[in-house]
Amino acid sequence: MADTIIVPLTGYDNHHDNSGVTVSYIVQSVDVSSLRNAALRVVDKWRLMAGHIERSKDQTSWCIRVPIQGSVSHRLGFTTRKSKVPLDSSYFVDKADPIRVVLRPPGEYFRHPSVPYTLQGYCSSNAPIVSIHVTEFPNCACIGISFPHSVVDGHGIGQFIHALDYELHDKPWNIPTFSETNVFRRVLDDLQAAAGPMIDASHSTLSPSPRRARRPSALINALILEGRIAYEIRHRNLDTKMVYIPAHALAKLVEKTKDEVKRSGFGRISTGDVVSAWILKATYSSETDNRDVHVGVVVSARKVLSQYPEMENYSRELFHHLFLFNVFSGTVDNAVGVVPFPSISKQELAKKSLAEVAVWHRKGLEPFDDDTSWIRGYDIYFETNRFPEVLRPRGWGQEPIAFTSPSISRFDNIDFGSKMHALWLVYTPTEPIHVITINKLHDGYLLQGNLRRKRWNAVAEAAQKLATVLDDPLVPHARATGTGSGRNVKAKFVWEEEMPVFDSVLRESLRLTMNGAMPRYIHRDLDILGKRVSKGSDVVYQLADVHLNPDIYTNPAVFDPTRFGPGREEDKKEPYVHPAWGAGRHPCTGITFAKLQVKIVVAFFLSTYQYDVVDKNGVLFDRLPTPNYNDVSKSQQDKEQVYFKFKRVLD
């Protein structure tokens with residue numbers, strides 16, 4: 001058996017051979033050792049990710065030499081650094097935030113400078129396909145997972161991230177297949193053999209102008225593209241930012257827009273249509289000229305091809321849907337292309353309602369949902385024009401903008417063991433211009449782009465207007481705090497932040513009643529306080545050891561909510577001394593919802609009834625009952641029975 005096999009790349013892959021991509025996270029903290037070990041296990045099992053980039057035998061394209069046997073521990077790039085200065089919290093986003101624009105942190109926090117971005121760089125340096133870089137700050141950690149874009153698209157990146165998540169939590173996962181004959185290449189060859197119309201990608205509104213459509217050289221294409229980017233960066237003041245639309249605002253925005261579409265009889269639209277329409281209108285909302293805007297959307301060939309019966313021979317390798325990943329499994333190489341919409345002027349964008357632009361977006365996308373002609377067209381174009389400038393407008397006075405949505409791959413579906421504050425994509429050597437990248441976080445949307453500064457200002461203004469139109473309940477109660485050069489707006493509901501007495505009473509009630517045992521199953525061998533605990537064991541934590549500890553809580557048997565107030569704060573003497581909701585990596589996921597339920601019930605009761613605490617004879621109690629600590633699951637009283645004597649005072 002051979003020690004290695006060769007996996008060829010396609011023209012779709014070669015189109016990206018001068019770019020790298022880094023999925024970038026900001027999290028509260030991370031166990032660096034656990035992260036590295038989990039990534040090593042992924043690379044060891046999924047050997048394609050341990051491969052080495054090489055030129056093909058005929059020197060016309062690229063391929064991956066995949067090790068089938070032996071150790072591959074050296075085939076993972078893993079670097080770390082530490083900073084003594086906290087990261088500016090204005091980079092953080094929270095599910096309770098209002099709609100807002102956020103600046104991207106420096107890329108060096110996520111990607112080590114030694115990581116190449118061209119396939120030639122990977123080939124000459126024998127660099128690993130996967131590189132992870134961690135920057136630890138006193139208040140958070142930045143994690144970057146880097147790939148050559150030619151080897152994986154968003155779908156392939158998503159598969160690696162989900163595999164990493166499963167390894168972090170010791171769960172099984174299905175290893176994607178690969179072979180010496182590129183499956184996607186075989187599909188493309190079958191498509192080219194079939195008769196039918198074909199879109200000429202070289203003449204699309206988002207491709208090179210007609211006078212350059214005669215297969216320009218790689219050098220000319222690269223120079224024109226780099227010149228265009230340099231002009232934009234130098235003269236147009238480009239900034240890489242994102243606008244965060246939280247789940248609570250997103251739900252209102254989509255519902256409002258869909259209702260308008262339904263009333264007008266325009267047809268159907270999706271959440272993606274609404275989000276794309278909003279950012280499109282917001283981007284050009286401050287511009288009064290009537291130039292055309294040429295819009296394109298990055299479409300995956302997998303979705304289109306999966307609908308064709310003649311593709312059944314490839315279904316297991318190319319289109320099989322895995323429950324574990326919730327994405328199409330099989331090939332991980334690039335299988336996407338930008339499909340053009342009918343052009344629209346800036347004045348049309350301004351005049352049309354959000355619902356009308358969303359419908360326009362849906363109608364522009366529908367022709368490509370089940371059409372393979374664009375796939376064939378791009379295949380020919382990529383095979384004959386290396387480095388095509390896909391986003392070059394066809395003439396002066398016309399502007400392109402493209403949307404790509406790796407959100408379907410759910411980069412956010414990974415648990416590093418702490419709260420996730422932000423998610424970015426970092427591109428090298430430079431951020432793509434006029435491209436909006438759509439991701440998800442906290443069930444909301446992240447719209448990232450490298451746009452002109454004045455357009456980001458317009459987006460920020462549109463975000464404020466949208467919050468007003470939606471009557472977002474978070475906005476009036478937002479508390480703003482500034483750190484460094486940025487501004488960090490953290491918005492909380494009133495019931496979360498402005499009921500300190502109630503919160504103290506709830507904490508004290510839990511301290512006195514939650515004193516059972518908290519079991520945990522051990523997934524791997526551990527050393528705890530000098531003792532070896534074997535995998536498969538159950539360990540039990542006795543909550544009363546801290547909740548009723550007199551060294552921590554003064555008079556621990558006494559109900560005293562003031563012990564949590566300013567000046568005392570007994571629950572902060574040591575870490576994890578109030579674990580009623582759980583602690584560490586896996587606290588109760590329903591804390592916020594549970595508190596909301598308790599506060600609603602108590603508020604309703606206090607406003608509706610007049611009550612007294614009495615014994616069974618109706619005599620008022622002059623003291624609080626003592627819990628029965630042997631029956632903590634029901635929180636019953638020890639000996640004396642307690643009753644409520646109440647009268648309804650409000651209907």
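The entries below follow the order in which I looked things up.

Entry 1: I worked from a predicted model. I looked up an open sheet and found that 3 strands form it, in the order β1-β4-β3, with antiparallel pairing. The edge strands are β1 (4-8) and β3 (52-55), each of which pairs on one side only. From one strand to the next, the twist averages 35°. I then went to the pairing of β3 with β4 (residues 62-67), where 4 bridges join the antiparallel strands. In this region I noted R55, which stands opposite W62 in β4.

Entry 2: R65 is in strand β4 and E54 in strand β3, and they are 11 residues apart in the chain. R65 counts as partly exposed at 33% relative accessibility. E54 has 19% and counts as buried, because the cut-off for buried is under 20%.

**Entry 3: other salt bridges.** How many salt bridges does a search of the whole structure find? I have 24 down for the search. One that I looked up joins the side chains of R47 and D44, at 2.9 Å from N to O. Here R47 is buried, with a relative accessible area of 12%, whereas D44 is partly exposed at 38%.

I next took E287 and K346, which form a salt bridge with the closest N and O atoms 2.5 Å apart. E287 lies in the loop between α8 (271-283) and β10 (292-300), and K346 in helix α11 (residues 346-351), so the pair ties together parts 59 residues apart in sequence. I recorded both E287 and K346 as buried.

I also noted a network of salt bridges that links E508, R511, D560, R563, R568 and E570.

**Entry 4: positive phi.** Why look up positive phi values at all?

I found D170 with phi near 55°, a positive value in a residue other than glycine. D170 is in the loop between α4 (154-168) and α5 (183-193), and is partly exposed with a relative accessible area of 43%.

I found N555 with phi near 45°, also positive and also not glycine. N555 sits in the loop between α17 (544-547) and α18 (591-608). Is N555 buried or exposed? I have N555 down as exposed, because the relative accessible area is 53% and the cut-off is over 50%.

Definitions and conventions
Residues are numbered from 1 along each chain as its sequence is written. This is a predicted model: local features need pLDDT of at least 70, side-chain atom pairs count only at pLDDT 80 or more; totals for chains, interfaces and linings use all residues. Side-chain values use heavy atoms; hydrogens and water are left out. Helices (H or I, at least four residues) and strands (E, at least two) are DSSP runs, numbered from the N terminus. Buried means under 20% relative accessible area, exposed over 50%, partly exposed in between (1.4 Å probe, protein chains only). Two strands pair if DSSP finds at least two bridges between them. Axes are lines fitted to C-alpha atoms, for helices over the stretch in contact, and angles run from 0 to 180 degrees between N-to-C directions. A salt bridge is a side-chain nitrogen of Lys or Arg within 4 Å of a carboxyl oxygen of Asp or Glu.
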